Structures are given as structure tokens and as C-alpha cells.
Amino acid sequence: MSFIKEIQRRRTFGIISHPDAGKTTLTEKLLLFGGAIQEAGAVKSNKIKKGATSDFMEIERQRGISVATSVLAFEYEGTKINILDTPGHKDFAEDTFRTLTAVDSVIVVIDVAKGVEEQTEKLVEVCRMRNIPIIVFINKLDREGKDAFDLLDEVEQKLGLKVVPLSFPIGMGYDFKGIYNIWEKNINLFSGDSRKNIEETIEISDLESSELNKIVGDKAAIALRENLELVDGIYPEFDKQAYLDGHQQPVFFGSALNNFGVRELLDCFVQIAPQPRPKQSEERLVNPDEDKFTGFVFKIHANMDPNHRDRLAFVKIVSGVFKRNTPYLHVRHGKKLKFSSPNAFFAEKKEIVDISYAGDIVGLHDTGNFKIGDTLTEGEVINYKGVPSFSPEHFRYINNADPLKSKQLFKGIDQLMDEGVAQLFTLELNGRKVIGTVGALQYEVIQYRLEHEYGAKCTYENLNVYKACWVDPKGSKTDEYKEFIRVKQRYLAMDKQNQLVFLADSAFSLQMTEQKYPSIKFHFTSEF
Ligand code: G4P
């Protein structure tokens, strides 16, 4: 197969949801359809069990599972599908944001009873900012939930999406009879038997025919006709280009646990979901079908075995073909590196591969060369955009608890920050180091890993910071800017990229500062 065809048949996407909506279950059912696994229960949930957040075993378990499920690849009807795993736990949200820089589309899973939840809102917002094509899967139709139209309204309002239902439920919960597939114009009857792999599908060419009443009963048939008429009146026709541009989002209903509506979702997905998309670099737009390889690191995973300090850097191939044992330019270091054992991922296992194509993910063994956002090319200087840092939610001073091990401590902190576990800020005033995280759990992870992998000990001290704001002088450094630097010195720090950050201690003080220095702009992300 030509390399262009190889690239065109790839679909790389992420499944995002609030924890418990059914992401793991749906992933598993997709893998079952692809024949990548043989039985349910094979994909382990990487979520952190409630109430176990202080348990180191749980952290280790989480790390172990998350490398196993980082990329789940399988073949389905001639399409190579790469599912990128995204942690649902909010303490790992930043990990998910970064993974979203490597996907070409997403499926959002929503619980029919709970509707749009907090974590879904945040993740979808990031997708919308990047115009990532989104398909919505409303799950757990076998349970009583919200009215379908109310839910579609909620999705539009809370997530800011423009939905187009491509299937519609017939009843719900106890009365759930099945789904009318608007996309394929047929009815799937629900048997409620999760062991069955394929549900019964009945072709319905004419919705008005009495056949429909016989199949689902008079009441449900009448309701379905009315509902479909409403769908017709309220929602626009599905427009593939609008979906690909991020302006329209198709919606499917189903029950992942019962394997219901999943095949319809997958069949539609392989038809409409985008092949690898072009990516903007600081220098130019790079197309997947260019023959020269380029890619970027979006995730780094430390080895589970503390005796081996090597790590696995996950590289999304943006263009061309990645080959084993070929020297590639590490753009930030300006030096060439060769990789003798790149890993490709297949369902739950990883294997050494000779060749991978744009759209694929390769795992490269790394002894500390990479950090998140690094770019590899065949020689051209390209820096991919779009792996921003967001303002952390928690801030603590980190102190060295064992003065004999300060070298180890700094090395450990440095490498953990490169992996993206947390963010490091160095105060301008006194050089003290501050660790910023999305969730409190990361402090335990850092302390534990510093001790077990680097032999260093640390303690923390609380620091009252509301938000880290990246400072943008908007052009020339005026007298106003100089005054800001002088007056606010106590609150200024450098991030790891040496960008200036203002650590505002309250929403009020940020507001006052913004008013006092109108020519300076403050951003909640490092990319502006
Ligand atoms: P997550 O990855 O998004 O966090 O969710 P996960 O798939 O783990 O699903 C969360 C819970 O919802 C699980 O139950 C799962 O069995 C259930 N679930 C998923 N899809 C459906 C569905 O279509 N219908 C119904 N009724 N339940 C569904 P659990 O009891 O928390 O876990 P488990 O003991 O079943 O694994």
C-alpha cells in the first residue's frame, strides 16, 4: 500500500468524559468489535478509585495501567484506529489536555441520567478552542434518564455545541425498546442481553408503515414518528464538512455496557471521522502526506522500574513515515538521535516496529532527552505549537529535606516537570521553588517518586496563590511595565521556559493589578 493510502486509512482519536459516564466500557466494546480483545473486562479502568487518593499503591497502579492503555490500536474494516487514552480523574486533567493535542477527533461520552458534567465541560472547551471534530455518545439508555430533547438542549447550551442527532432512542430505561438509526435508516431492537455481540437490526424503509407498530408497539411507534418529525424541524441536516470543521456535532444514543448502539457509532465514525489532520507549527502548516517525517512529544511516561531510569516518550507522527534506526533531528537540542526500538501500540500490548505512519503514535525510549512539546524532524527546523501550560490550581513551596541529596532533588524535580507531572516556578525575589499542580494528588506522587526514583526527600509549604498568570507586556517594555516589575517583584516568578509569571494571591488583587497596569495583559495559559 502506498504511504499516502496508509495515512488516509488512519483515525486517531480520544474518548473523553466525566468519570463514570462509561468511557472505559465504550473503549472496550470498540475493541471487541475490532477483534482486538476477545472478552469484556480486558481493558482495565485507569481511574483512581474514590476515597483511595492517599494510597501510594493506587498511584502506582494508576501509572502502570496508564502506560498499558495509553494507545489502543486496532483494525476495523480496513481502517487503522488509534484510541488515545485520556485520564478521567480531574487531578490528571492536564495530561488529558496534552493528549488532546495529539488527536484528530474525539468522542464525548455523556451519562443519560447525569447529563453534562463538570469535567466534560472543561474538556470539550479545549476541543472547541482547537476546532477538533466531536461526536457525542449518550450512554446508559438502559437506565431511566433525562428526556432526549432536554439532553440535546443541555449539550448545546452547556457545551456550546451545534448538535445533529444521527440516532434517536425509542423509549428509555424500563421502556427502552431500541434505537432508530437516522444515519442508516433502520431500527435496532434492544434485547438487554450484554453477552450478545450484535443487536438485532431491522431495516425500516417507511416510518409510516404499520410494520413499525408491530415491531415496537403502537405507543412507541407514534412517539417515535412525532420525535423524528421534531428532530427534522429543529436540527439541521448532517453536514460532514461542518462536523470536520468543528461547527456541527453528530449525536448517537446507546448503552455501552449492553453493547447497544456501539456498532452504529463505530460504523459512522469510520466513515466520517477525519484522517490525520494538518498541524500548525511555529514556522508553517505541515501536511500529513508530506514525505518527510515530523512529529512531537505529547506525553512522557517514566519507567515503572526504578532501577531503569529510562522513560517512554510518546510521539505523534504529524507527517511522513517514521523509520527505526534512522537519525532524526531533535530540534530543541539541535542534534540527531536514532531509535533502535520504537514501540507501536496494539490494543493492550506494545511491539517494536520498523515503520509507522502519520497519525500513529510511537513510544521512544528516552534517557532524559525529551520534554513535552519537543519536535523531531528529518532536518527541518520545526516547532509544533499547542502544548500549552494552564494555570495550576494548587501552589506549594518545595523544600529539600535532605541537604546531602540536593543534586538528586533538583534532577528529580527537573525530570518530573519535563514529564508534565506538575509545573515549576522559580521566584524572582529569592530563587525559591514553587510547584504548581492541578490536583492535590500530584504532591504525593512527586514526593513518592522523588524518594523512590531519585533517592531525594522533600517537604512542602503552603503558598497562597489564586492563579498563575503569564505576563504579556504587549510589545515594548514601557515605564508602566518597569514599574509593575518593581512593585510586584514579590509575586513574580519564572516558569521552566523562562517566561515571566505573576502569581496573583486573589481574584481581587489580579483585578486591581489589571486595572493599574492596563498596557500589560495577563493570561491563564502559557500560550498567547
Ligand atoms: P469511566 O471509564 O467513564 O469512568 O466509566 P466506566 O466505563 O468505568 O463505567 C462506569 C460505570 O458505569 C460502570 O459501573 C459501568 O459498568 C457502568 N456502565 C457503563 N456503560 C453503561 C450502560 O450502558 N448502562 C449501564 N446501566 N451502566 C453502564 P460500575 O458499577 O461503577 O463498575 P463495574 O463494577 O461495572 O466495573
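**Ground rules.** I am reading a predicted model, where local features need pLDDT of at least 70, side-chain atom pairs count only at pLDDT 80 or more, and totals for chains, interfaces and linings use all residues. Numbering runs from 1 along each chain as its sequence is written, and side-chain values use heavy atoms, with hydrogens and water left out.

**Ligand shell.** I found 17 residues around the ligand, with Asp20, Lys23, Thr24, Thr25 and Ser255 coming nearest; a residue is near if one of its heavy atoms lies within 4 Å. Helix α2 (residues 23-33) gives the largest share of this shell, three residues.

**Polar contacts.** I looked for pairs of N or O atoms within 3.5 Å. A backbone N or O atom of aspartate 20 sits 2.6 Å from a ligand oxygen. For leucine 257, a backbone N or O atom is 3.2 Å from an oxygen atom of the ligand.

**Helix pair.** I checked helix α11 (residues 406-419) against helix α12 (residues 441-454): their axes come within 10 Å and cross at roughly 120°. The axes are lines fitted to C-alpha atoms over the stretch in contact, with angles from 0 to 180 degrees between N-to-C directions.

How values were computed:
Polar contact = N/O pair within 3.5 Å; in protein donor to acceptor, adjacent residues only side chain to side chain. Helix = DSSP H or I, 4+ residues; strand = E, 2+ residues; numbered from the N terminus.
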